[in-house]
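Please look at the sequence and the structure first, then work through each task.

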Amino acid sequence: MNATLLTEAGEVCWLRTDVALAAAARRQAGQFARDICLSEERVARVELCVTEMATNLLKHAEDGALVLRVVRSRDRAAVECLSVDSGPGIDDIQGALRDGTSGSGSLGIGLGAIGRLADAFGVHSLRGRGTVVLARFWAGGPAPDPVETAGLTRPIGGEQVCGDTWAVRTAAGDSSDALLLLMCDGLGHGPLAARVGDLARGAFRDSRGTEPAAVLQDIHHALRGSRGAAVAIALVDLVRHRVELCGVGNITALVAGRDGRSGLLSMPGIVGSHLPRLRTFDAGFPPGAALVMHSDGLSDRWKPSDFPGLLAHDPSLVAAQILNQVAVRRDDAGIVVAVHRQP
């Protein structure tokens with residue numbers, strides 16, 4: 001039985017802070033909104049939100065960016081807007097969400113109003129380290145799943161495309177009881193690395209494998225003749241509350257929960273070139289836990305305790321804050337997150 005693709009990496013527009021940020025963000029977000037056929041009234045809401053986000057970044061953040069993209073879940077699509085910065089943080093989030101609270105020179109609608117305009121909204125802030133704000137606008141509404149998944153990529157400075165990529169699909173058929181997640185880091189940077197990522201993602205979608213090692217073998221065959229990649233495949237089994245992972249190359253994978261983190265190892269090698277004897281590792285995945293997989297464009301030295309309260313948020317916000325805090329500037333960066341919600 002063919003599997004169902006749930007979500008995957010797509011076009012991501014990173015806009016760094018500068019004097020033209022608000023205009024550029026409004027233009028790009030409006031285009032994305034019209035691409036997924038939002039009504040003009042909804043397009044105006046998207047444009048209003050990103051304008052406020054941009055103005056707040058320029059007024060208050062030490063450094064930051066707006067991240068705009070179209071996200072897809074099963075047969076639905078949404079415009080997603082993320083504001084990420086490196087400080088100084090918000091001391092009183094509840095106060096910032098009150099109506100009438102806004103930065104000097106902004107539109108004055110405030111974070112609370114953005115939250116009411118958006119279909120999904122969240123804020124996570126670390127004092128002195130940075131804040132992420134999420135606003136998402138669905139065309140048709142989201143599809144609820146017991147495991148929420150999302151990812152994010154950012155190309156190395158000077159490149160327009162990213163060699164890191166990710167995807168999520170069911171293990172078989174339409175059932176969400178078992179999901180497969182891909183994290184791939186195409187070797188190098190730029191268009192050639194991005195091409196490797198596209199090949200890996202295509203092989204992941206097309207594979208009939210239901211176990212991580214079988215899917216990884218299919219991706220290995222698809223990448224032969226290319227520059228190769230580091231790849232990890234994780235199986236999230238909701239019936240057994242377990243995660244299984246088979247990986248080759250420098251991909252970090254861990255399950256984070258109340259009791260800390262459980263690492264899942266990848267073997268040395270290059271998918272598409274030098275494939276070692278594959279091994280699969282597993283860990284518990286109880287309700288409330290999160291599976292995090294990322295490339296070596298993010299430092300692997302972070303701990304869940306570094307991000308108090310983060311795992312309770314939307315996985316897009318989780319991915320954005322981790323990338324925001326631990327990404328390496330001189331490399332592509334990619335991360336995918338699965339959060340097991342309480343029943």
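**Exercise 1.** Find the salt bridge between Arg 136 and Glu 80, and work out which strands it links.

Step 1: Arg 136 sits in strand β6 and Glu 80 in strand β4, 56 residues apart. Strands are DSSP runs (E, at least two residues), as are helices (H or I, at least four), numbered from the N terminus.

This is a predicted model, where local features need pLDDT of at least 70, side-chain atom pairs count only at pLDDT 80 or more, and totals for chains, interfaces and linings use all residues. Residues are numbered from 1 along each chain as its sequence is written, and side-chain values use heavy atoms, leaving out hydrogens and water.

**Exercise 2.** Decide whether Arg 136, Glu 80 and Asp 314 are buried or partly exposed.

Step 1: take the cut-offs: buried is under 20% relative accessible area, exposed over 50%, partly exposed in between (1.4 Å probe, protein chains only).
Step 2: Arg 136, at 7%, is buried, and so is Glu 80, at 1%.
Step 3: Asp 314, at 21%, is partly exposed.

**Exercise 3.** Which residues outside its sequence neighbourhood does Val 46 contact?

Step 1: contact means heavy atoms within 4.5 Å.
Step 2: leaving aside neighbours within four places in sequence, Val 46 touches Ala 29, Ala 33, Leu 38, Val 79, Cys 81 and Phe 137.

Notes: A salt bridge is a side-chain nitrogen of Lys or Arg within 4 Å of a carboxyl oxygen of Asp or Glu.
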